[in-house]
There are 2 protein chains.
Amino acid sequence: MNMTTVSSTTDAATLDQVCSAIGPLNESAMEAARARQGTLTKPAGSLGRLEELSIQLAGITGTDIPEAPMKSAVIVMAGDHGVAAEGVSLFPQEVTPQMVFTFIGGGAGINVLARHVGADVIVVDVGVAAELEEHPLIRSKKVALGTQNMTQGPAMTREQAVRALCVGIEVAREQIDAGVQIFGTGDMGIANTTPSAALTAVIAGGSPEDVTGRGTGIDDDALNNKVDVIKRAIAVNQPDPRDGIDTLAKVGGFEIAGLAGVILAAAAARVPVVIDGFISGAAALVACAIEPKAKSYLIPAHQSVEVGHKTAMNHLELKPLLNLGLRLGEGTGAAMAISIVQSAAKILAEMATFADAGVSGAKE
Amino acid sequence: MNMTTVSSTTDAATLDQVCSAIGPLNESAMEAARARQGTLTKPAGSLGRLEELSIQLAGITGTDIPEAPMKSAVIVMAGDHGVAAEGVSLFPQEVTPQMVFTFIGGGAGINVLARHVGADVIVVDVGVAAELEEHPLIRSKKVALGTQNMTQGPAMTREQAVRALCVGIEVAREQIDAGVQIFGTGDMGIANTTPSAALTAVIAGGSPEDVTGRGTGIDDDALNNKVDVIKRAIAVNQPDPRDGIDTLAKVGGFEIAGLAGVILAAAAARVPVVIDGFISGAAALVACAIEPKAKSYLIPAHQSVEVGHKTAMNHLELKPLLNLGLRLGEGTGAAMAISIVQSAAKILAEMATFADAGVSGAKE
C-alpha cells in the first residue's frame with residue numbers, strides 16, 4: 001500500500017507555516033478595483049456580484065486589475081468513512097473507488113462540467129478504503145484505508161488529520177507551481193455527508209437535526225438513523241469546536257481534511273478557491289476554524305440542496321453564487337462558478353470606460 | 001434614413017405564420033432524456049436544474065440527446081423612447097447610440113461576457129433616435145427615430161409594432177440560417193425600464209407601484225415621477241391586456257418588440273431562447289401574450305434587481321437560473337446563462353452511465 005509517511009513533526013511544521021503565511025486582503029488594490037468599476041460603461045453597481053467578485057480578486061491577488069484566472073483546477077479528494085457501516089448512505093462503499101476510476105476516465109459529472117469551463121480535474125486518493133491500481137492520473141496520497149467508525153471513537157488520529165491536511169497543501173502547491181490561478185474544491189466519498197453534518201453541527205453550532213440532509217437520497221427512516229449516528233459520534237468523541245484539528249480528527253474525513261488543506265495553501269499563496277457544496281463547505285469550516293484569515297480567499301460556488309449547507313455558509317458569512325438545486329458534490333458547482341469568477345475579472349479588465357468609449361455619464 | 005418599409009400586410013402575414021408554426025414540446029424526447037438522466041453516474045436528481053434544462057432542451061429540439069448548443073448569439077436590440085422626455089432615466093438619450101457604438105467596438109459588458117462564453121453579439125438598430133453611421137456590424141432596421149411619448153398617446157402605431165416584431169423575426173431567421181442553436185436576448189435603450197414596467201403592469205397584472213424600479217439608479221423623487229408617468233401612460237392609452245400587440249404598441253418600445261419577435265421566431269424554429277432581465281422579461285410577456293405556446297421555449301437567465309422582474313417571471317411561471325444582483329441589461333445575464341444551458345446538454349450527452357462505467361447503483 002502506498003501510505004504517505006511523512007513525520008508528524010514535519011507535517012505540523014508545514015501546517016503552521018502555511019497558516020502563518022495567510023495575510024489579509026490587499027485593501028489598496030480593492031480600492032483601485034472599486035474605483036475602476038465606477039468608470040466602466042454601465043450604471044454604477046449594475047453588474048452586482050460580478051463587481052464584488054472582481055474587487056475580491058483584486059484584494060486576493062494584490063493587483064488593481066487582476067488577470068482573469070483562466071488556468072484553473074478542481075481538486076477532487078476521495079476518501080472513505082468507517083461510519084458507512086452504520087447504514088447512512090444509499091450507495092455501497094465500493095462506489096468510492098469506482099467513481100475514482102470514472103473521474104480518470106472522464107465520464108463523471110465533474111469531468112463534463114470542468115471540460116466545459118476549461119478546468120483541469122485533479123484526482124487525489126487521500127483515504128479510499130480499497131487498494132487502487134496505480135494510474136498516472138491518480139495522486140496516491142492515502143493516509144489510511146478509510147476513517148474509523150466515528151460512533152465508536154475518533155474517525156482518525158490527530159496525526160492522521162494533520163497528514164491529510166498536508167496532502168491538500170502538497171497538491172495545491174504542486175498545482176500553483178504549475179501555474180494554476182484558481183481552485184475549485186471537489187469531493188468523493190460514500191457516506192461523507194455524515195461527517196460533514198457532524199462538522200457543521202460542531203463548528204457552525206447547528207443541531208444535528210437541523211444540519212443533516214438526505215445525501216444521495218435516503219428515506220425518512222434512514223435520515224432518522226443518520227441524525228442518531230451523528231449525535232452518538234459527537235457524544236462519544238466530544239470534539240472541541242475551538243480546535244479545528246481536534247474536531248476534524250474526531251468527526252471528519254480524509255477528503256474533507258485534504259480540501260481544508262487545499263483551502264489553507266491557496267489562501268497562503270493568495271490564490272482564490274471556489275468552494276463547492278456541503279462537503280466542501282464543511283472543509284471550509286475546518287480550514288477557517290484552524291485559520292480564520294483563510295475566509296477572505298473563499299468564493300462560495302452554489303447553494304446545495306443539502307440542508308446543513310446554509311448553516312455552514314451563514315457561519316462563514318458567505319453567499320453562494322449559484323442556486324441550481326445541485327447536491328452531487330465532486331466539485332460540479334465549483335466548476336460552474338469558476339467560469340463566473342473569470343467573467344468577473346474580465347469585466348474589470350476588458351470593459352471600456354465612459355471616457356474611452358465617449359459615452360455620456362449620468363446627468364448631474 | 002434607413003427605415004424598414006415592408007408592407008404592413010406582409011408583416012402581419014409573417015407574424016401569423018410564425019405564431020402558427022409554434023408547437024408544443026416533444027414529449028417523447030423529454031421522456032427519453034428524463035430516463036437517461038436516471039442512468040447517469042450520479043444520485044437521481046442530484047444535478048437539479050441542469051437535469052431539468054437538459055430535458056427541456058430535448059423537448060425543444062425534439063431529440064433524445066440534444067447536441068450542446070455551442071453556436072450561440074445574443075441579439076441586442078436598440079431603441080429609444082419618447083417617454084425619456086419625462087425625466088425617467090438618470091442618463092441622457094444620447095447614450096443609446098453611444099452604447100451601440102460601444103457594442104460594435106467590443107467594450108461593453110455584453111461584449112466581455114459574450115466573448116467569455118463564445119457567443120456572438122448581434123446589434124440591431126430597431127428604433128434609435130439618431131441617424132447612425134452605416135457599419136457592417138449594425139443591422140439597420142430602424143422602424144422610427146424612437147417611440148412617441150406614451151404619456152400623450154400610443155408609443156407607436158399598431159403597424160409599427162408589427163414591423164418591429166418582424167425585425168426580430170428577420171434577425172432570428174438570419175441567425176438560425178447561419179447555424180445558431182441558442183439565442184440570448186439583450187436590450188439597449190435609455191428609459192426602457194419605463195415601458196417595460198408599463199407592459200409588466202398591464203400584462204402580468206401588477207400595480208405600477210409594485211413593478212417600477214430604479215432603472216439605472218434614480219432617486220426617490222424620480223421614482224415617484226416614473227410611477228406617475230406609467231400610470232398616466234396606461235390611463236391615456238387603455239391598452240387591452242388580452243391583445244399583446246395592442247399593449248406593445250401603446251406602452252411598449254421598439255427594442256422590446258424586436259426581442260418579442262426573436263422569441264417567437266426562435267420558438268417557431270424550435271430553438272431555445274435565454275431571456276435576460278427586466279426588459280427582456282417584458283418582451284417575453286408580450287411574445288407569450290401574442291402566442292402562449294412560446295413559453296415552453298424560454299429559459300430565464302437571471303433574477304434582475306429591477307423589482308418588476310419577479311412579477312413578470314411569476315406570470316410566465318419561469319424560475320431564473322442565476323441571481324447575481326444584475327441590472328445592466330444588454331443580454332449580460334443571458335450570456336452567462338447560455339453557458340449553463342450548454343453545460344446541461346453536455347451532462348446529458350457526455351456523462352457515463354452506471355452500466356458503462358461499472359459503477360454500482362443505489363442499494364435495493
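Trainee: How many salt bridges does the structure hold over all chains?
Mentor: This is a predicted model, where local features need pLDDT of at least 70, side-chain atom pairs count only at pLDDT 80 or more, and totals for chains, interfaces and linings use all residues; side-chain values use heavy atoms, without hydrogens and water. Residues are numbered from 1 along each chain as its sequence is written, while chains are lettered from A and ligands numbered from 1 in the order in which they are written. A salt bridge puts a side-chain nitrogen of Lys or Arg within 4 Å of a carboxyl oxygen of Asp or Glu. Over all chains, the count is 40.

Trainee: By about how much are A:E31 and A:R34 separated in helix α2 of chain A?
Mentor: These two form a salt bridge, with the closest N and O atoms 2.8 Å apart. Helices are DSSP runs (H or I, at least four residues) and strands likewise (E, at least two), numbered from the N terminus. Because A:E31 and A:R34 lie three residues apart in α2 (residues 27-37), their separation is about one helical turn.

Trainee: Which residues of chain A lose the most area to chain B?
Mentor: Contact (heavy atoms within 4.5 Å) joins 56 residues of chain A to 56 of chain B. Buried area (accessible area, 1.4 Å probe, lost on putting two parts together, summed over both) is about 4500 Å², 63% of it on carbon and sulfur atoms. Together giving 14% of what the chain A side buries, the residues losing the most are A:H116, A:L324 and A:K363.

Trainee: Which residue does A:R115 meet in a salt bridge?
Mentor: Chain A and chain B share two salt bridges. One has an N to O distance of 2.9 Å. There, the side chain of A:R115 meets that of B:E350.

Trainee: Which element gives the largest share of the side of chain A that touches chain B?
Mentor: Elements giving two or more residues to that side include α3 (48-61), α4 (95-105) and α14 (332-350) of chain A. With nine residues, the largest share comes from α14(A).

Trainee: What is the volume of the largest pocket?
Mentor: On a 1 Å grid over the protein atoms alone, a pocket is an open set of points where a 1.4 Å probe fits, with protein on both sides within 12 Å along at least five of seven lines; lining residues have an atom within 4 Å of a point. Volume is the space filled by probe spheres set on the points, which are joined across faces, edges and corners. The largest pocket has about 790 Å³.

Trainee: Which residues lie closest to the centre of the largest pocket?
Mentor: Its lining draws two or more residues from α13 (308-316) of chain A, and from α3, β6 (298-300) and α13 (308-316) of chain B. Of the 34 lining residues, the closest are A:N323, B:R49, B:K319, B:P320 and B:L321.

Trainee: Which element gives the most to the lining of the second largest pocket?
Mentor: This pocket has a volume of about 320 Å³. Among the closest to its centre are A:R49 and A:E52. With five residues, the top contributor is α3(A).
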